[in-house]
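Here is a short briefing to read alongside the model. Have the sequence to hand and follow the points in turn.

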Amino acid sequence: MLSGRRNLFHRLLVAAAATAVFCGAAAQAATTLLNVSYDPTRELYKAINPAFAAEWKAKTGETLQIQASHGGSGAQARAVIDGLAADVVTLALAADIDAISSKTGKIPADWQKRLPNNSSPYTSTIVFLVRKGNPKGVHNWDDLARPGVAVITPNPKTSGGARWNYLGAWGYGLKKFNGDEDKTKEFVKAIYKNAPVLDTGARGSTITFTQRGLGDVLIAWENEAYLALQEFGADKFEIVSPPVSVLAEPPVALVDKNVDADGNRKAAEAYLNFLYTPAAQKIIAKNFYRPAHPEEADKKDLALFPKIEFFTVNGVFGGWAAAQQKHFADGGVFDEIQKQGAGK
Amino acid sequence: MSSLAQRGGLGSFPAPSVIPGFRLTFGFTLFYLTLLVLFPLSTLVWRSSGLGLSGLIAVATEPRVAAGLQTTFLISFLAAVTDLFFGLVVAWVLTRYAFPGRRVFDAFVDLPFALPTAVAGISLAALYAPNGWFGAPLAEIGVKVAFTRLGIYVALIFVGLPFIVRTVQPIIAELEVELEEASATLGASRWRTVRSVLLPPLVPALLTGFALAFARAVGEYGSVIFIAGNIAYVSEIAPLLIIVKLEQYDYAGATGIATIMLAISFGSLLAINLVQAWSRRRFGHV
């Protein structure tokens with residue numbers, strides 16, 4: 001018995017030593033890239049990474065290992081701030097990359113100007129997923145504020161995607177009420193009054209709507225909506241694109257201090273530039289994101305995206321930092337909406 | 001939960017023992033506990049100390065945080081009380097009666113320990129959602145479980161149950177059936193036997209189980225988050241508010257809530273321990 005235990009202990013020691021050696025070896029290989037991304041890009045980067053690795057191999061002869069880490073956008077940004085050695089970050093909001101920049105100095109403050117299209121190789125927007133036949137007749141943001149329509153959306157306090165949803169509603173309200181903030185606030189409040197659940201993340205809301213059968217309409221990223229349609233069948237749901245919505249620009253950035261420490265700046269830069277090439281733009285459109293260069297994508301993939309009149313966060317809210325401060329910080333507009341809603 | 005005091009007392013601190021190496025193991029215990037428990041917890045307090053006491057009070061009295069703390073501690077308490085009753089019943093049946101499949105049922109009790117909490121939350125939400133197996137019939141009689149405070153209660157009962165069962169089971173196994181028989185032959189009613197013969201020795205173990213179930217419920221995140229609905233002022237738990245603060249990169253605020261939770265938890269556990277010590281003096285240790 002005793003020797004058995006000692007044996008086990010030895011084996012554990014050997015295993016621990018082996019793990020240490022293995023990790024050390026992996027860290028020494030200069031051609032590893034870590035892309036820290038957010039949840040809904042899982043499928044996208046699964047397709048893009050091998051394509052880039054193949055191109056890089058053909059160009060330089062180097063074998064490139066690309067690791068992808070996915071999670072909530074804010075949590076991912078915090079992991080990078082706390083020391084996760086990301087070489088590139090591809091997150092849901094510019095605000096999250098701004099936070100990495102200001103809290104660690106690992107990314108220069110003007111990062112968003114370094115790549116074309118505000119550093120967004122793909123964009124998306126906010127649409128509505130409704131049950132087949134659209135029984136509640138949801139066509140526009142106004143319909144979400146009608147009494148008796150149950151709206152599923154995640155919590156803007158915990159989810160980056162939910163902040164896009166909220167800003168979509170707000171931007172539409174401003175347009176509808178000719179810039180009257182009070183009326184817009186009432187309008188957005190009415191929408192959130194219709195929300196029986198606020199999940200912590202966008203995927204959670206998708207599950208609540210599609211699998212738990214809760215609610216009449218899900219406010220979602222366009223690419224999430226198409227994924228849900230693909231996953232759960234077009235016989236159960238349909239996508240309603242509002243005539244006006246927000247242009248969601250998920251940005252990408254190089255983490256300068258980390259790539260310099262890892263010595264793989266060239267590969268990391270090439271990786272981000274690759275996202276703008278025809279090959280990547282095709283993959284992007286296939287994964288239901290709107291490509292920055294639509295002329296490079298397949299016509300039939302583009303046919304899925306209806307024409308929507310877009311407004312941008314920079315245009316309507318003066319950028320993410322301002323939107324964050326005014327709407328989502330403690331004591332911000334969203335807190336007020338919820339406080340008043342609690343007294344209902 | 002056997003205490004040091006019982007084995008030779010605190011007075012004879014390094015009491016000679018059959019197994020040598022007390023000093024070494026005691027040093028190891030202290031080191032281990034400090035490194036793995038006390039050190040991380042003190043970092044928490046240290047990180048929130050930037051707020052100062054007034055800042056901490058400001059965080060705690062913020063209406064939304066106060067509501068979250070109330071939800072967490074109140075429902076955790078109710079769930080632990082519920083588990084106390086049902087856990088005792090389950091432990092009693094599993095220990096005292098032989099029936100086919102007893103070992104299997106006994107193993108089932110541990111599942112909430114082993115299951116990733118998120119899985120528990122997702123399964124419970126699926127069951128109790130308005131279109132779920134339990135949720136649909138309940139919805140027909142007008143009871144909403146998932147996405148309300150009731151949902152949180154159900155999830156916390158689920159994760160807390162094994163703590164009561166596993167702490168009480170060995171004590172029940174030690175209780176001699178002869179005591180009950182003696183009580184009965186001496187003319188005591190069934191209820192009197194339960195009250196005066198069976199329950200007293202179980203009280204310390206029940207309290208331990210209660211403290212563990214309560215502590216687990218207070219810290220619970222994964223299993224609750226999917227079934228709670230997370231509506232501010234209604235069904236938002238305190239751990240969620242910590243995540244909310246972190247999403248705003250407000251580390252001080254997040255650790256502030258955590259410190260408050262730590263203080264309340266520590267206070268409640270201390271109170272439970274005092275009651276336990278008292279009950280041990282009153283009923284004797286089994």
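**Backbone and annotation notes**

A:F288 sits in the loop of chain A that runs between α13 (278-286) and β10 (290-291). Please keep in mind that this is a predicted model. The points below take in two residues of chain A with positive phi, A:F288 and A:N118, and then turn to an annotated span of chain B.

**Positive phi in chain A**

- Although A:F288 is not a glycine, its phi is positive, at about 70°.
- Is A:F288 buried or exposed? With a relative accessible area of 10%, A:F288 is buried, because buried means under 20%.
- A:N118, another residue that is not glycine, also has a positive phi, near 55°.
- You can find A:N118 in helix α5 of chain A, which covers residues 116-119.
- The relative accessible area of A:N118 is 32%, so this residue counts as partly exposed, the class between 20% and 50%.

**The annotated span of chain B**

- An unreviewed UniProt entry gives residues 69-270 of chain B the annotation "domain: ABC transmembrane type-1".
- In the model, that span of chain B is 77% helix and 0% strand.
- How far apart are the end C-alpha atoms of residues 69-270 of chain B? They lie 19 Å apart.

**A closer look at B:F86**

- B:F86 belongs to helix α3 of chain B, residues 63-96.
- B:F86 is partly exposed, with a relative accessibility of 45%.
- Between B:F86 and B:T259 there is a separation of 173 residues in sequence, and their C-alpha atoms are 32 Å apart in space.

Terms used:
Residues numbered from 1 in each chain as written. Chains lettered and ligands numbered in written order. Predicted model: local features only at pLDDT ≥ 70, side-chain atom pairs only at ≥ 80, totals over all residues. Heavy atoms only, no water. Helix = DSSP H or I, 4+ residues; strand = E, 2+ residues; numbered from the N terminus. Buried < 20%, exposed > 50% of the residue type's maximum accessible area, 1.4 Å probe, protein only. UniProt positions renumbered as here; feature names shortened; annotations may be inferred.
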